Amino acid sequence: MADQDRSEIIRNNPIGSGLEAFLASFSSLCKSKDISSSGEALGQLDDEEFQNITIDLFLALQQLRLPRLLRFGSSNLLSHLLKYASTVTSGDFDYDRVKPLLRAVIAKEPDEKIWAQVYRAVTESTPPPRPIPPALLQTPWLRNTSSFANSSEQRKYMDTVLKEELGAMYVGLRRFHETFFGDIAGLQTASEAVFAKCRESSNRLFDDDNGWLGWPPQAKEKDVLSWFQDIVPQLSRLAQGHSPTANPTRRPIAQPDQPLDGSTADRKLDVGFVNDPKARKNSRYHWSQILVPGELKSSPKADTSKTWLDIGRYVREVLATQDTRRFVIAFTLCGSLMRIWEFDRLGGIASDQFDINQDGLRFVSTILGFLWMNEEQLGFDPTIITSEGVRYVEIERDGRRERLIFDGVMRRAPCIAGRATTCWKVHSDRDPRTPLVIKDSWQYPEREEEGALLKEATDKGVLNMARYYHHYTVQICGTDDDVQGNVRKRLDITMADNYRPDRSVVIRAATSTTSSREGRNIANRKRPASQTDAALPPNKKRSCSASPTKVDSSTLPNRVHRRVVLHDYGEPIFCASSRTALLAALEDCLKGHQSLHGAGILHRDISINNLMVHEDERNPPWRGFLIDLDLAINEERKVASGAKGKTGTRAFMAIGSLLGEQHSFMHDLESFFWVLFWICIHYSEPGKDIGETEFNNWNYESDGNLAGLKKGMVSDEGDFIKTTEERFTKYYRPLIPWVNRLRRVVFPNGTRWQKEDKALYSSMQNIFHIAQKDPNV
């Protein structure tokens with residue numbers, strides 16, 4: 001339909017009052033939340049509220065006459081509205097896609113603009129030209145915040161992916177305090193004694209009727225921070241002598257206007273705890289120093305998924321900069337309503353909500369807990385030992401004890417939930433001259449162990465693949481380290497206030513209303529003095545493997561803490577010392593993939609961090625090699641592993657992978673092309689990242705949109721060459737003809753491959769080999 005015809009139809013069929021019912025419903029919702037009924041309110045709605053108003057809008061649009069008249073492809077717009085509305089309640093609905101439409105309607109924009117936003121919202125990417133085979137062996141792909149390449153990590157992009165990564169954040173968990181604070185020596189006795197002193201008339205800090213003296217009635221951030229920084233040292237002083245293990249150097253910090261060092265994008269922290277006896281308002285801190293992060297909000301109504309995401313953002317920075325952290329304890333304080341959080345490699349869980357002015361004893365216990373927790377209770381890994389400034393782990397290999405001494409961190413995946421891979425360069429005390437690499441990650445127990453796959457590859461003589469040295473499951477307190485058992489102590493998430501089976505995203509904020517569940521702590525209720533003894537759970541000593549609450553773990557996701565030790569050390573391929581060295585390393589890595597595939601193992605995660613270059617001829621015996629079999633599978637596998645999902649670096653994923661096709665070695669070969677393409681755009685010289693480019697959005701686009709962008713990039717040779725000439729950095733422009741030749745063989749006639757062809761290995765290797773001899777390279 002011509003634009004002129006469409007405009008005429010829109011003018012002849014005005015919306016008029018057709019959306020007034022929707023606008024009234026939206027206004028009523030905003031009024032109930034005490035927020036302005038403008039487009040800005042969309043950011044303050046929880047998921048269920050947003051979902052409901054979206055449904056209301058699409059129902060209203062369907063009642064209008066115009067969608068029946070406007071053509072859209074081979075049908076009318078109404079059919080697409082009906083189809084799109086049916087996706088709103090699905091787990092993968094893209095809320096960002098409909099926000100511009102909602103804003104246009106709420107702002108009462110002209111009809112032409114509203115219908116333009118309707119078209120944009122319901123437009124779908126072009127379907128693939130061929131059917132997608134059943135994914136019998138396929139584990140679904142998930143996005144997380146460690147799968148970005150050369151990203152600026154701006155919040156407008158990050159938050160959507162972080163929310164997806166965290167999934168359901170369960171709150172209101174019973175026995176949360178006992179689980180994470182119950183092992184702190186003397187905490188219950190000390191808390192009761194300190195709270196009693198706080199209520200003494202001679203030096204009163206707490207009043208039974210009004211709560212904490214000095215608490216700012218409006219709970220404005222600046223005032224609450226000032227009060228918090230004052231009350232914490234007072235409680236610490238009152239507790240002196242009650243715990244021989246208390247850390248006297250731990251202090252609160254409050255710097256909401258000052259970014260902390262150590263993050264890719266500027267990130268500020270409202271409040272937190274650090275080990276620094278000289279902590280001052282103007283002290284400069286790094287995320288690696290934060291022990292317990294906190295988030296403040298003035299309104300009690302702010303205890304919603306938006307605030308939970310805020311504290312999750314801080315926790316991600318803590319985990320990214322602390323390479324031995326297994327989990328993080330955190331807190332939110334919305335008005336006077338407090339909630340304690342624990343974040344680990346499955347996501348975030350939280351206590352019930354309590355009012356610090358009504359349950360003063362619980363507040364005292366929480367603050368003393370933050371001050372007294374030892375490193376293991378704070379989430380640091382006790383198997384990584386520090387002695388006289390040297391860090392090491394101990395393993396048993398070939399019947400002998402061996403100490404692996406840390407030389408430095410190579411990489412730490414910046415995420416909360418996921419594999420959270422950390423790599424350290426180490427050496428053995430039995431052979432200090434030979435470099436080794438420890439790879440530490442959290443795996444779904446259903447997935448094939450990477451160590452076993454790597455040992456199989458080494459035993460089969462696979463070439464150009466990092467060689468196996470040792471692997472093991474980390475043990476803490478004599479048991480395998482996992483999230484459900486060792487970290488969460490089998491805390492029953494099915495008893496959370498907002499638990500819903502089989503939901504991947506939380507859609508409702510929990511409230512502080514009284515629960516009828518037996519044993520639930522009750523918020524918003526004053527405690528008479530005679531009841532204060534019941535504020536804390538019994539101080540039962542339990543072993544590390546004790547389980548406060550029994551739950552059928554087989555029905556819940558879990559991650560197991562595993563380590564693989566590799567023989568070979570290298571650097572990511574983008575650090576290759578020259579263009580020729582880069583091409584040589586790519587050639588070798590291709591040989592490695594072919595050799596691995598010949599051994600019956602499919603890699604499935606080709607990226608700039610999994611292709612390595614080593615230009616020291618002494619070790620290993622090749623210039624380039626593959627690492628990381630986290631997502632690899634034995635090709636003889638007949639069924640999916642049962643793991644909840646897998647993640648990959650989206651910028652390098654093949655078009656077919658993004659469209660959900662059964663993974664083939666051909667997809668991995670395509671990923672080699674995207675790796676080289678990406679390096680040529682994002683690096684001005686070996687290892688030097690130029691920062692954000694227009695391709696940054698490849699990290700955040702939906703699967704279908706990204707597949708469409710990639711198809712458009714390679715389909716026309718003239719357009720492709722023009723793009724490379726404009727976007728490749730000056731250093732890598734000599735590779736343009738060779739990258740284009742690679743495009744021709746990977747995407748014959750500008751299209752995706754139609755059938756598997758093992759000859760593609762030799763074609764690609766030949767291009768890399770000949771290119772090394774080009775004098776212009």
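Aspartate 628 is found in the loop that links strand E25 (624-626) to strand E26 (633-634); helices (H or I, at least four residues) and strands (E, at least two) are DSSP runs, numbered from the N terminus. Though not a glycine, aspartate 628 has a positive phi of about 70°. Its relative accessible area is 12%, so aspartate 628 is buried (buried means under 20% relative accessible area, exposed over 50%, and partly exposed in between, with a 1.4 Å probe and protein chains only). This is a predicted model, in which local features need pLDDT of at least 70 and side-chain atom pairs count only at pLDDT 80 or more, while totals for chains, interfaces and linings use all residues. Residues are numbered from 1 along each chain as its sequence is written, and side-chain values use heavy atoms, with hydrogens and water left out.

Lysine 108 also calls for a look at its backbone: it has a positive phi of about 55° and is not a glycine. Most residues other than glycine have a negative phi. Lysine 108 sits in the loop between helix H6 (95-106) and helix H7 (111-122), and with a relative accessible area of 58% it is exposed.

Next comes a helix pair. The axes of helix H17 (residues 579-598) and helix H23 (residues 759-771) come within 8 Å and cross at roughly 160°; axes here are lines fitted to C-alpha atoms, for helices over the stretch in contact, and angles run from 0 to 180 degrees between N-to-C directions. H17 and H23 are therefore roughly antiparallel to each other (under 35 degrees counts as roughly parallel, over 145 as roughly antiparallel, 65 to 115 as roughly perpendicular and the rest as oblique). On the H17 side, the contact (heavy atoms within 4.5 Å) is made by residues including Leu583, Leu586, Leu590 and His597. H23 brings in Tyr761, Met764 and Phe768, among others.

Histidine 682 belongs to helix H19 (residues 665-682) and is buried, at a relative accessible area of 1%. Its side chain makes a polar contact with the side chain of threonine 693 (2.9 Å); such a contact is a pair of N or O atoms within 3.5 Å, where, within protein, one must be able to donate a hydrogen and the other to accept it, and residues adjacent in sequence count only if both atoms are side-chain atoms.

Finally, proline 259 lies in strand E6 (residues 250-260). Leaving aside residues up to four places away in sequence, proline 259 touches Asp266, Arg267, Lys268 and Arg284. From proline 259 to tyrosine 285 is 26 residues in sequence and 8.7 Å in space, C-alpha to C-alpha.
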